[in-house]
Amino acid sequence: MKARLRRSAMLLAGSLIPLVCLMGRPASAAPADPLTDAFTHAAAAYDVPRDLLVAVGYAETHLDGHRGEPSASGGYGVMHLVSNPTVHALEQAAKLTAQPVETLKSDDAANVAGGAAVLRAHADELGLDATARKDAGKWYAAVAEYGNASSPEVARLYADTVYDLLAKGVTAATPNGTVTVKAQAVTPERGTYAQAPDLNAPRLAAAVDYPGAKWVAASSSNYTVSNRPASNAIDRIVIHVTQGSYAGTISWFQNPAAQVSAHYVVRSSDGDITQMVREKDRAWHARDWNSRSVGIEHEGYVDNASWFTDAMYRASAALTRNIADRYNIPKDRTHIVGHVEVPGNDHTDPGPYWDWAKYMQYVGGSNGGVNPYTPQEVCGSGYNVIDSAALGTAGTVYLLYNNSNGYNCVTTIKSSSLGTATATSAYLEVQGKTRVTDSGNFTYYAGPVRAAAADKCVKWGGKAGSSAYDSPFEHCG
């Protein structure tokens with residue numbers, strides 16, 4: 001499906017000089033939003049339609065550079081310049097713009113210029129001349145290539161997303177202003193991609209475990225074939241955030257180098273759902289809980305609330321409700337958890353902007369309520385969950401550890417009678433030392449109970465409602 005190369009991307013080398021010239025601004029000019037300026041200058045320098053360039057960036061990151069931190073697939077900056085074992089767009093941008101890789105990662109203007117340069121390189125390879133470049137519709141194949149998709153159908157999904165944004169318009173808040181694209185009618189010329197399957201089209205429900213989903217298979221290198229629930233009971237649903245875009249995540253799970261997957265991916269804009277791993281198989285999403293859980297990824301980034309739309313919440317909640325009903329999983333926060341709450345993980349998703357109260361209300365969970373506190377919030381910075389035990393439907397007791405100071409922490413997080421003071425306790429006993437207990441009538445949690453326990457065995461547990469848990473001495477390392 002990939003178009004044959006017809007021009008060398010090296011033609012772009014001459015574009016560096018006009019970019020440098022365009023970066024200047026007369027001293028008397030009024031200040032403008034730096035990111036708006038960056039798109040204007042980069043579009044002019046590389047002869048890329050400005051609104052198309054913004055739409056590409058918005059589809060990738062909502063124009064959030066995330067302070068130079070990489071996405072899950074190794075993409076950087078506003079334009080998501082990817083650097084991973086199979087894609088080297090970041091390095092290509094460095095060559096085309098003569099900018100250091102580190103600058104492209106963290107400087108918004110440089111990153112936007114790098115994205116424009118890479119997009120123009122794809123246009124040159126496809127043979128777009130100066131006249132064709134003025135028509136945003138003729139850039140479809142170049143946009144599809146920019147998405148670094150693993151298959152023609154995912155490339156089409158990516159490009160269609162960008163052109164849908166052009167049709168609807170874009171308004172993105174930035175730290176210093178707003179970047180806008182007016183809604184406009186653009187007819188995309190799909191070329192050979194018109195023959196690729198349309199993942200937005202309805203599919204046969206029999207092909208997936210959840211009738212509302214489409215099917216795109218993850219790479220067999222990224223999950224374990226199993227026979228659940230016969231081989232392993234499924235009793236948890238784990239909520240993730242992709243740290244990337246919908247199409248980008250689907251493509252990444254198809255990449256054998258990823259070594260990660262989830263059963264489902266949910267789109268931000270409309271709640272569209274793609275299944276990538278059969279529920280009977282173990283997706284690689286939650287380490288020690290892979291055998292017992294179904295993983296649901298949600299398009300977006302943990303530090304940007306704009307991705308978490310009502311459409312996404314409702315679609316995901318319907319999926320979670322369906323899974324819970326089929327496997328008799330209680331619809332509560334002990335059994336429907338965030339990735340951050342899975343023992344042995346260092347991830348923070350779904351993050352502080354995920355609205356658990358709304359989500360659980362849509363799921364139809366017990367009391368429609370949610371505890372606003374997480375074990376990490378109770379114990380403090382640096383602590384990660386290493387074990388947990390359910391206390392019936394009343395709560396969960398967690399054991400955490402801080403690698404930096406060698407302390408364990410125990411807290412009991414309530415799941416019922418939230419906001420009402422009820423008997424709750426948490427305790428921690430380091431072998432050879434006196435047990436420390438926090439017990440009383442608490443509204444949301446008991447603890448934190450902390451103790452230095454590096455290289456020591458610990459006994460831990462707690463109580464909520466009529467249920468209690470008491471561990472043996474364990475976690476001795």
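Colleague: In which sense do strand β19 and strand β20 pair?

Modeller: This is a predicted model, in which local features need pLDDT of at least 70, side-chain atom pairs count only at pLDDT 80 or more, and totals for chains, interfaces and linings use all residues. Residues are numbered from 1 along each chain as its sequence is written, and side-chain values use heavy atoms, with hydrogens and water left out. Strands are DSSP runs (E, at least two residues; helices are H or I, at least four), numbered from the N terminus, and two of them pair if DSSP finds at least two bridges between them. Residues 458–464 (β19) and 467–470 (β20) share 4 bridges, and their sense is antiparallel.

Colleague: Which residue in the turn of the β19 and β20 hairpin has a positive phi?

Modeller: The hairpin leaves 2 residues between its strands. K463 stands opposite A468 of β20. In the turn, the positive phi of about 60° belongs to G465.

Colleague: Which are the edge strands of the open sheet?

Modeller: The open sheet has 4 strands in the order β17-β16-β19-β20, with antiparallel pairing. Pairing on one side only marks the edge strands, β17 (436–442) and β20.

Colleague: Which side chain makes a polar contact of 2.8 Å with that of D332?

Modeller: D332 lies in the loop between α10 (310–327) and β12 (336–338). A polar contact is a pair of N or O atoms within 3.5 Å; within protein, one must be able to donate a hydrogen and the other to accept it, and residues adjacent in sequence count only if both atoms are side-chain atoms. The D332 side chain reaches the backbone nitrogen of T334 at 3.0 Å. Its side-chain partner at 2.8 Å is H335.
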